[in-house]
Amino acid sequence: MRFDPWNPDFVAHPYGVYADLRREAPVSFFEPTGQWLVARHADVNALLRDRRLGRAYLHVATHEEFGKEPEPEFQEPFWRVIRAGMLDVEPPVHTRLRRLVSRAFTPRMVESLRPRVRAIAEGLVDAYVEKGGGDLIAEVAEPLPVTVIAEMLGIPDADRHLLRPWSADICGMYELNPSEQAQHTAVRAASEFAAYLKELARERGRRPGDDLISALAAIDELTEDELVGTCVLLLNAGHEATVNVTGNGWWSLFRNPGELARLRADRGLLPTAVEELMRWDTPLQMFERWVLEDIEVGGVAIPRGVEVALLFGSANRDPEVFDDPDRLDVGRADNPHISFGAGIHFCLGAPLARIELIESFGALLDRAPKLELRREPAWKPGYVIRGLESLDLSVS
Ligand code: HEM
């Protein structure tokens, strides 16, 4: 098999292909997307920190200079939202936006949420056990991070069901070469989401509550677009990957019953287990960067104006960095995985994600000691954001 992000077999089993790439073609041109694939940990890690690359290029060049067509007119509402969030801008705008929200996500602030995260996790797991199991993704993996981030921002209970479909539709645009239909779906979702948040932020501006949207609405230096872009980013990034780590993580444990037994026997391993599950089956397989100045990677010259695709899933199995990388080891002590990124865009929500994952895995281990797989799960078609359709389990 070769690198083929549209092939379901590759999406299900990318790691053998990555091993070949790391050995034989660690920096290789991928014709279908016109990107350079980067497979080794050292290169991925270095490029994420290299300021000669960026998530965006419009701050230093025009579409024309980069040989790109301007985006079609119909996509304007999508890019308006996305390019107003910190993930799609570079300094100095990035620095300003990240500073404004980072106060809410310091390890100390986030640690104060732990009792609430635990209570939500336990409530969801109790209801799941009561029903004798079912789809772990729909019943536990999704509602936990969605509830946590929605409560932080102050999204009313009655509207929470809107978040997951909007996010999923927007994320469709992040897959490689999205179809026309996926593009239109993403644009519509971004417009609806933006209109909803504008209305809510105006309301919170008039009558502030004890939530992040009210706090952001009170900041004069934040434009309305930036406020909306920030909230969309927090709400989407705040749950997408966490859902997939929970699903992929349990599926990994079922495929490695010895490691599941080891974790059951010693809950003290939970923090290292969560890191290892993120490494072993990486939820976000790839992130892209634009090359803003000519660079050289592993002896290959890459000119300004092209895009590199950093293969996180491959970096996380690199034998140069991880002993016995294909082995799942829930006690792995030295684990510099790259699943939260690196450099200036390093995941702002990493401390929160870690708490959510430790609490949800912990609640399931404690309250559902006889958890069994009913059938082998299927992967969703997406490669970049990689997760299971469902995970059907029984609890006895
Ligand atoms: C296990 C779950 C998560 C994973 C694997 C993950 C992964 C990542 C990665 C890889 C990036 C950097 C992307 C890049 O450099 O191109 C990122 C950025 C980001 N993440 Fe997460 N994330 C997770 C959970 C969360 C949560 C719970 C939040 C909550 C708010 C969050 C908020 C963000 C934000 C705001 C950024 C943009 C940071 C910036 O541009 O400076 N993430 N995440």
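Reader: Does H10 pass H11 in a left-handed or a right-handed crossing?
Author: H10 passes H11 in a left-handed crossing, meaning that the near helix is turned anticlockwise from the far one by less than a right angle, whereas clockwise would be right-handed. Helices here are DSSP runs of H or I with at least four residues, strands are E runs of at least two, and both are numbered from the N terminus.

Reader: Before going on, what kind of model is this?
Author: This is a predicted model, in which local features need pLDDT of at least 70 and side-chain atom pairs count only at pLDDT 80 or more, while totals for chains, interfaces and linings use all residues. Residues are numbered from 1 along each chain as its sequence is written, and side-chain values use heavy atoms, with hydrogens and water left out.

Reader: Back to the helices: at what angle do the axes of H10 and H11 cross?
Author: The axes of H10 (residues 163–171) and H11 (residues 180–206) cross at roughly 135° and come within 8 Å; axes are lines fitted to C-alpha atoms, for helices over the stretch in contact, and angles run from 0 to 180 degrees between N-to-C directions. H10 is therefore oblique to H11, since under 35 degrees counts as roughly parallel, over 145 as roughly antiparallel, 65 to 115 as roughly perpendicular and the rest as oblique.

Reader: And which residues make the contact?
Author: From H10 they are Leu163, Trp166, Asp169 and Ile170, and H11 contributes residues including Arg188, Glu192, Phe193 and Tyr196, where contact means heavy atoms within 4.5 Å. By class, the contact of H10 with H11 has 8 nonpolar, 1 polar and 3 charged residues, with Ala, Val, Leu, Ile, Met, Phe, Trp, Tyr, Cys and Pro counted as nonpolar, Asp, Glu, Lys and Arg as charged, and the others, Gly among them, as polar.

Reader: What about the loop between H10 and H11, where Asn177 has its place?
Author: Asn177 lies in that loop, and its phi is near 45°, a positive value in a residue other than glycine.

Reader: How do H7 and H18 cross?
Author: Their axes come within 9 Å and cross at roughly 40°, and H7 passes H18 in a right-handed crossing. Among the contact residues are Arg114, Arg118 and Glu122 of H7, together with Glu356, Glu359 and Arg367 of H18. The contact of H7 with H18 has 9 nonpolar, 1 polar and 7 charged residues.

Reader: Changing topic, which residue is the protein donor of the iron atom?
Author: Cys347 is the only protein donor of the ligand's iron atom, through SG at 2.3 Å; donors are N, O and S atoms within 2.8 Å of the metal (3.2 Å for Na, K and Ca), and water is not among the atoms, so sites may look incomplete. Cys347 is placed in the loop between helix H17 (312–315) and helix H18 (350–367).

Reader: Now the sheets: what is the order of the open sheet of 5 strands?
Author: The order is S1-S2-S8-S5-S3, with mixed pairing, and two strands pair if DSSP finds at least two bridges between them. S1 and S3 (53–54) stand at the edges, each with a single partner strand, so one side of each is left without a neighbour in the sheet.

Reader: How many bridges join S1 to S2?
Author: S1 (residues 27–30) and S2 (residues 35–38) run antiparallel and are joined by 4 bridges, with Phe29 having Trp36 of S2 as its bridge partner. The two strands form a hairpin with 4 residues between them, and Gly34 in the turn has a positive phi of about 70°.

Reader: Which helix lies across S1, S2, S3, S5 and S8?
Author: That is H3 (residues 41–49), which runs at about 130° to S8 (307–311).

Reader: And what order has the open sheet of 3 strands?
Author: The order is S4-S10-S9, with antiparallel pairing; S4 (133–135) and S9 (371–373) are the edge strands, each pairing on one side only. Helix H7 (residues 114–130) lies across S4, S9 and S10, running at about 110° to S4.
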